[in-house]
Amino acid sequence: MGWKRRIPLILIMLPVLTLVAIILFYKPLRIVVPTWFGLTCPSSVICIDDLARLDEATAIRAEAETFVTTRVGPFETPPRVLFCSTADCFARFGNPDVRGLNLGTYGMIVGPTGWDNYIVRHEMIHHWQNEALGVHAASVGLPRWYIEGMAYDFSEDPRQPIGHAPSEANRSAFQDWIAAGNDWRRPPR
């Protein structure tokens, strides 16, 4: 096959190979293809590394979705939650120093120390923010204190203080902003 005939094949394969490379090297994007990284997905909204804990994960996820829908609003697309019961599993998807993380509207990953209702609620609130406010606004367009403060406050995170100074400051700033009579449905610009 001559090189001129290979050009269309190369043009088709280049985007595919680029996407695979991005998924392999940008860990949070692995949420899109969790089965490539050792998780089983018994449904479209839940993936897990330890099927023995599926009932527990399902209950946490269901409670969080009901809570957030009632407290904040409905989702356009039900969020997919990936549950990792080990640090090794969680490290395959991102920063093992956090308890959970959200990737836009693709889903969220919960680490072994994040199997708490308020942690999953927090990440689902971020999912809701990404859908309702837009991924750009929720990631860089709105103040961090608003985005994170809402997630900490509305998830009813019981930690007092949270234990991480910027997180506590974000929650306090959000609570002060609400106490001043602002409507959380109208984000500050």
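A disulfide here is a pair of cysteine sulfur atoms within 2.5 Å. Keep in mind that this is a predicted model. By that rule there are two disulfides.

One links C84 and C89, with the sulfur atoms 2.0 Å apart. The angle about its S-S bond is -50 degrees, and the link is left-handed. C84 counts as buried because its relative accessibility is 0%, and C89 is buried with a relative accessible area of 0%.

The other joins C41 to C47, again with sulfurs 2.0 Å apart. This link is right-handed, at 105 degrees about the S-S bond. C47, at 0% relative accessibility, counts as buried, whereas C41, at 28%, counts as partly exposed. In sequence order, the bonded cysteines pair 1-2, 3-4.

Now the helices. How do the axes of α6 and α7 cross? Helix α6, residues 144–154, and helix α7, residues 165–179, have axes that come within 7 Å and cross at roughly 90 degrees. The two are therefore roughly perpendicular. Among the residues that meet there are W145, Y146 and M150 from α6, and F174 and W177 from α7. By class, the contact has eight nonpolar, four polar and four charged residues.

Last, the cores. The largest nonpolar core has 29 residues, and F83, M124 and W184 have the most contacts inside it. Elements giving two or more residues to this core include α2, α4, α6 and α7. W184 touches, among others, Y146, M150 and F154, as well as F174 and W177. Apart from that core lies another, of 14 residues, including L82, F93, L103 and I109.

Definitions and conventions
Residues are numbered from 1 along each chain as its sequence is written. This is a predicted model: local features need pLDDT of at least 70, side-chain atom pairs count only at pLDDT 80 or more; totals for chains, interfaces and linings use all residues. Side-chain values use heavy atoms; hydrogens and water are left out. Axes are lines fitted to C-alpha atoms, for helices over the stretch in contact, and angles run from 0 to 180 degrees between N-to-C directions. Helices (H or I, at least four residues) and strands (E, at least two) are DSSP runs, numbered from the N terminus. Angles under 35 degrees count as roughly parallel, over 145 as roughly antiparallel, 65 to 115 as roughly perpendicular and the rest as oblique. Contact means heavy atoms within 4.5 Å. Ala, Val, Leu, Ile, Met, Phe, Trp, Tyr, Cys and Pro count as nonpolar, Asp, Glu, Lys and Arg as charged, and the others, Gly among them, as polar. A nonpolar core is a set of buried Ala, Val, Leu, Ile, Met, Phe, Trp, Tyr and Cys residues joined through side-chain atoms within 4.5 Å. Buried means under 20% relative accessible area, exposed over 50%, partly exposed in between (1.4 Å probe, protein chains only). Lists of a residue's contacts leave out its neighbours within four places in sequence.
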